[in-house]
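Could you look over this model with me before we discuss it? My notes follow the display as numbered points.

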Amino acid sequence: MKSVLRSEALNQKLAQWVEESAALMKPDRIFWCDGSETEYKSLVSTMLDGGDLVPLNQDEYPNCYLHRSNPNDVARVEKCTFICTTNEIDAGPTNNWMAPEAAKAKVRPLFEGCMQGRTMYVVPYVMGPVGSPISKVGVEITDSPYVVASMRIMTRMGQTALDQLGEDGDFVPGLHSTGDCNPDRRYILHFPEERLIWSYGSGYGGNALLGKKCLALRIASTMAKDEGWMAEHMLILELEDPTGELTYFAAAFPSACGKTNLAMLISPLEDQGYKVRTVGDDIAWMEIGEDGRLWAINPEAGFFGVVPGTSVHTNPNALIASHSNSIYTNVALCDDGIPWWEGKDEEHGVLTDWLGNHPWDGSAPAAHPNSRFTAPATQCPSISPHWEDKCGVPISGIIFGGRRNKTVPLVSEAFNWEHGTYLGATMASRTTAAAEGKSDVLRFDPMAMLPFCGYNMGDYFGHWLNMGQRISQPPKLFFVNWFRTGDDGKYLWPGYGENVRILIWMLARMRGQVEAQRTAVGFVPTAETLHMEGLDLPNEILEELLKVDPAEWIAELPEVEQHLNHIGDRLPAEIRQQFEAVKVRLHA
Ligand code: OXD
Ligand code: MN
């Protein structure tokens, strides 16, 4: 076994772990990634030679490539995802659980010798701006060059991370092998007590790019609870008002509910001075600052966005961000090398579908519904100049939301932090293609963290309540629903860029500039307090969007109660009290 590249200032814990991993997996070579451009080019050329990547049209999409994953490996797999805590109760009723030693005994044999004939890449990376006190170092060991190339886009990868780690620094180790990519031998294991990740048998982003969901959410959520900060499944955006003042929002929506679109929205009110910029589209790490406010960083350096539905109408910024230096996974391809997907709103000739069938016969989607672009954040035209601020950005509003065709108004404001925590804890949406399982059923997804909370969900709600006690200048909490439909099933609200109008209302509420109606479920705007200039929306529609019908809410209470009961004994009493209080208000 020979090492291609060795790092200079070697951290002892890292050296030892790399050695142990190599002894276990027996790779032919060990390659320490430095994150350089030259290294990236050579990885790409190896993948092109091996058929792992297909070049896109290099005139139109410079340095962009298509990767076709194994067709059995196209999404996160919750049934293969485990939280391995000593006591089952610490993983809680919403996670799959295995005892740590049992999990290792089961999966270690799969890792044994799994890299024979392959290269073992050592991928050091930083989650968060380099040098930020909120950032964390991770190291992923993987046998997938696709993972290495993707990690270079999604994180600050290579020598930078080794420098930040130093000789004595700590890091989260993550072991990954695509193995034989057999769905029956696929395990995404998290050991939150040990801060360790093992992922075997999948090459799909969410299962294999260990910095993202595994470290930045599941492991980090546990660290955050233990250390008094927050790791959330939230976008971060910046709203500039006509005076030039910047206000930051963090927002949680279940997967594929338009987080990336909201984070990158183009304000139709730019000429009036309202501009929106992007800080992050998926994950927020938030700490209490010395000023008592909540400060957030985006731990990622790129976007791993859902492609279908992305067009010049829905998200031009995402199209530009992913037009160069990006990797596409499981999209369709035109004969001239231009990528294509459903909802692209562009003509196409003969297509090769995401499975490589040529010509595409139209009997199934040409691009996989969960096909993705992996694009550098710096290429996004709306990226905020503050997106890499080491201290983060101060969050004034936290937004929850779901995909609800009925009942839930366009926007409401929580009465206080506890009530807002209850709103997040009971948020529900329809399932989508980003997670395997049944599509299109209503499921509760507290704070959009159901698949990502690394510990007991009841304790997680408790942590939210504790944070509320400790933040002296807490953000206001809001709930939005862009997806209400009329009797004809059509969306009532235009969404996309027009969502800035809702942010403007939130801003006015933060500044105490507008009154709102106190309803049983929160403060809801009156139609005349929304900034509707330039949007031709009949008043009846707006009234319908803002309507709170107690009968509809009462009808859902049993489902909410069942959801809370499912959380079990660790559900904080305050959440139960919030539920009882809503019930009383609805019946009043
Ligand atoms: C994602 C997800 O990939 O939430 O971001 O599923
Ligand atoms: Mn996500």
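The points below take up one lysine and then the surroundings of the ligand.

1. This is a predicted model, in which local features need pLDDT of at least 70 and side-chain atom pairs count only at pLDDT 80 or more, while totals for chains, interfaces and linings use all residues. Side-chain values use heavy atoms, with hydrogens and water left out, and residues are numbered from 1 along each chain as its sequence is written.

2. K259 is found in helix 9, residues 259-263 (helices are DSSP runs of H or I with at least four residues, numbered from the N terminus). K259 is buried, with a relative accessible area of 7%, where buried means under 20% relative accessible area, computed with a 1.4 Å probe on protein chains only.

3. The side chain of K259 makes a polar contact with the side chain of H233 at 3.0 Å (a pair of N or O atoms within 3.5 Å; within protein, one must be able to donate a hydrogen and the other to accept it, and residues adjacent in sequence count only if both atoms are side-chain atoms). Leaving aside neighbours within four places in sequence, K259 is in contact (heavy atoms within 4.5 Å) with residues including H233, D281 and D282.

4. Eight residues surround ligand 1, and H233 is listed among the closest, together with R76, K213, S255 and R372; a residue counts here if one of its heavy atoms lies within 4 Å.

5. An oxygen atom of ligand 1 is 3.0 Å from a side-chain N or O atom of K213, and a polar side-chain atom of R372 lies 3.0 Å from an oxygen atom of ligand 1. Taken alone, ligand 1 exposes 210 Å², of which the protein buries 93% (Shrake-Rupley method, 1.4 Å probe).

Definitions and conventions:
Chains lettered and ligands numbered in written order. Helix = DSSP H or I, 4+ residues; strand = E, 2+ residues; numbered from the N terminus. Buried < 20%, exposed > 50% of the residue type's maximum accessible area, 1.4 Å probe, protein only.
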